[in-house]
Amino acid sequence: MESFRTLIRGWFGKVLLVLFLAPFAVVGIEGYFSGGQKEDVAKTVNGQDISKKDLEAQTKAYKDQLLQSVNGDESLLNQSFIQNAVLDNLVARALLIQQADKLGISLSDAQIEQMIAQQPSLQENGQFSQALYANYLRSQGMTSQSLIANLRQDHALKMLMSTFTDYALVSKTDIQQIANLQSEQRELFLSSVKLDDYKANVKVSNQEIADYYNKHQNKFKQVASVDVDYVVLSPATLIQPNAAATDAELKQAYDQFVEKQNQDAKREVKHIMITTDSRSPEQAATLANEVYAKIQAGTSFAQAAAQYSEDPDSKTKGGALAAYAPGVFGADFDKAVSSTPNGQVSKPVKTQFGYHLIEVHTASANVPSFEAKKAELTTEVLKNKSANYFSDTVNSLNEQVVSSDTLDVVSEAVKTVQVQSANGVTLATTNAVLADPAVKSKLFSEDVKNGNTTASSSIQTANGDTVWIKVRKYHAAGALPLAQATPRVKALLIEQKAFDAAHAKLNAMIADFKKLPAQQVTTKYQYNFVHAGIFTRSQGLKREIERAAFSQPAPKAGMWSVTTAKLPNELVVVAVSNVKHTAIDQMNPAEVQQLTQMYQKFRGEQLLDDYSRYLKNHAKIK
């Protein structure tokens with residue numbers, strides 16, 4: 001199995017992985033749920049709208065995935081390409097869902113309900129919890145019927161896609177070819193020719209330089225860059241003098257701590273819910289006030305809940321909510337929970353679900369004494385004072401920087417920092433300060449591109465530092481002028497002429513390798529060929545040598561297949577003396593099975609992509 005693991009880690013495995021992940025990468029169930037209101041339309045597919053809201057949500061999800069691979073630097077992303085790719089996938093998803101509906105691909109309500117019941121997040125003590133399910137539906141603003149409809153759509157899409165991805169036909173010849181690409185072994189002999197001696201005799205004229213430049217200007221482009229001055233202020237370098245925590249500050253901090261402890265104390269929330277499902281809002285309000293009056297007159301909350309509440313889960317439990325969480329019933333409900341005195345009942349509270357009477361029981365908080373918390377509170381107060389001092393200093397310096405248009409005011413006020421300079425800074429810079437996404441956003445802003453060279457306002461970096469920048473010059477992306485490109489063009493021409501001269505001396509030998517045994521040729525020309533070893537693809541060879549070696553046909557017995565590879569200041573003669581393949585009949589059956597499944601998935605994704613393109617070509621898309 002180790003050889004198969006090597007295959008998966010190699011170039012072909014990487015290609016397959018990319019192809020597996022690329023199609024419909026942003027398809028997901030979270031995009032299906034909407035509040036039912038008409039959204040601004042991004043596309044219409046056969047009369048079905050794709051809302052801008054869905055497009056924005058899916059684009060954000062895709063961007064978040066990509067940002068993980070670029071350390072959160074949004075400036076490195078091609079925003080328009082991402083949005084177009086997401087929109088294209090949403091169109092493909094809509095067409096596939098429509099096609100699944102036409103073909104009758106579906107799950108029954110019973111099957112979907114069983115799937116919902118098996119979700120761990122909806123289970124309590126190993127059993128499906130109606131209370132957790134009800135809370136989930138409330139938090140999503142959905143009914144059970146709308147959730148089932150969306151799940152049916154999601155699984156219909158997956159079932160249609162799986163008919164391509166899981167059942168594509170793959171032949172034995174396909175598997176053998178794929179196995180050969182990665183497991184093929186080639187025995188190599190290499191001979192190196194240094195180009196220094198040839199370069200000494202090379203002459204390049206100004207006309208040759210100009211001709212080459214005019215023909216290959218796209219090779220001499222420069223990316224956008226800036227020359228910039230900047231200054232960094234860190235909290236660690238700015239210490240407030242004579243900072244101390246006063247008794248009043250410690251007492252205030254302790255009071256806030258106690259208040260928070262009491263707010264965070266465990267609360268049992270009970271409610272009686274009277275809905276507007278079968279009555280008008282006025283009737284619901286009247287009934288809620290009547291129930292409130294009965295409770296005030298002596299009816300227990302549990303009795304009133306059992307008789308009047310229309311929450312089927314809590315009414316049999318004295319009105320107790322099994323898993324109360326802020327936001328489930330809305331802000332007004334949460335406000336009533338926070339403000340209702342312990343053990344008392346609120347007046348009727350209106351929410352989107354109707355009217356609620358709320359009873360809250362809060363356990364007493366176990367609060368440490370002031371003396372027990374004093375040391376911790378002192379540290380916290382000093383930390384806050386230091387943060388406030390830093391913030392106040394930054395605000396003061398920021399006004400001075402902006403008004404004076406100079407960074408020197410920062411270094412003059414804080415002697416431990418200095419204004420620094422950097423030239424030719426690009427989006428790919430590795431400078432610890434200038435590589436921060438917030439800083440790069442300012443460096444390459446539209447204002448800077450349009451010639452604005454004034455000092456920036458303060459920029460907060462990811463590590464908590466504050467930076468001010470002043471761009472001295474912006475260099476737009478584009479072709480380098482001939483004068484600046486001349487040294488590079490000259491070096492390229494010298495390199496190429498030296499390579500051609502060296503290669504010309506080898507032509508006779510390479511021609512003989514095509515018709516004579518290798519030993520006879522190496523004896524005749526006396527080139528020093530070194531046995532490099534036996535290699536498979538992606539096994540440490542330089543890219544140019546690997547490409548040359550694996551592009552040659554298998555040689556006949558006793559002969560070599562020979563070509564050349566161009567490296568910096570070096571020409572390498574690459575000779576293939578033997579090629580060995582492993583027949584799949586000799587491979588471990590488990591390896592063959594896994595390779596078959598992988599290639600089947602690869603072929604299935606190709607077929608699915610072709611099918612989606614076919615549907616797009618025959619759809620009405622606006």
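Modeller: Helices (H or I, at least four residues) and strands (E, at least two) are DSSP runs, numbered from the N terminus. This is a predicted model, in which local features need pLDDT of at least 70, side-chain atom pairs count only at pLDDT 80 or more, and totals for chains, interfaces and linings use all residues. Residues are numbered from 1 along each chain as its sequence is written, and side-chain values use heavy atoms, with hydrogens and water left out.

Biologist: Is Asp-277 buried or exposed?

Modeller: Asp-277 is found in the loop between strand 8 (267–274) and helix 12 (281–296). Buried means under 20% relative accessible area, exposed over 50%, and partly exposed in between (1.4 Å probe, protein chains only). The relative accessibility of Asp-277 is 72%, so this residue counts as exposed.

Biologist: How are helix 4 and helix 22 oriented to each other?

Modeller: Axes are lines fitted to C-alpha atoms, for helices over the stretch in contact, and angles run from 0 to 180 degrees between N-to-C directions. Helix 4 (residues 79–102) packs with helix 22 (residues 589–617) at an angle of about 85°, the axes being 10 Å apart. Angles under 35 degrees count as roughly parallel, over 145 as roughly antiparallel, 65 to 115 as roughly perpendicular and the rest as oblique. Helix 4 and helix 22 are therefore roughly perpendicular.

Biologist: In which sense do strand 16 and strand 17 pair?

Modeller: Two strands pair if DSSP finds at least two bridges between them. Strand 16 and strand 17 (residues 570–580) form a hairpin with 2 residues between them, and Lys-566 stands opposite Leu-571 in strand 17. Over 7 bridges, the sense of the pairing is antiparallel.

Biologist: Why is strand 16 described as largely enclosed by the rest of the structure?

Modeller: Strand 16 spans residues 561–567. It is largely enclosed because, of its 7 residues, the number buried is 6.

Biologist: Which kind of aromatic pair do Phe-189 and Trp-560 form?

Modeller: Rings of Phe, Tyr and Trp (its six-membered ring) pair if their centres lie within 6.5 Å; planes under 30 degrees apart count as stacked, over 60 as edge-to-face and the rest as tilted. Phe-128 and Tyr-133 form a tilted pair, 5.6 Å centre to centre with 55° between the planes. For Phe-189 and Trp-560, the ring centres are 4.7 Å apart and the planes stand at 15°, so the pair is stacked.

Biologist: How many residues apart in sequence are the parts tied together by Phe-189 and Trp-560?

Modeller: Phe-189 and Trp-560 are both buried. Phe-189 lies in strand 5 (residues 185–194) and Trp-560 in the loop between helix 21 (543–549) and strand 16, so the separation of the parts is 371 residues.
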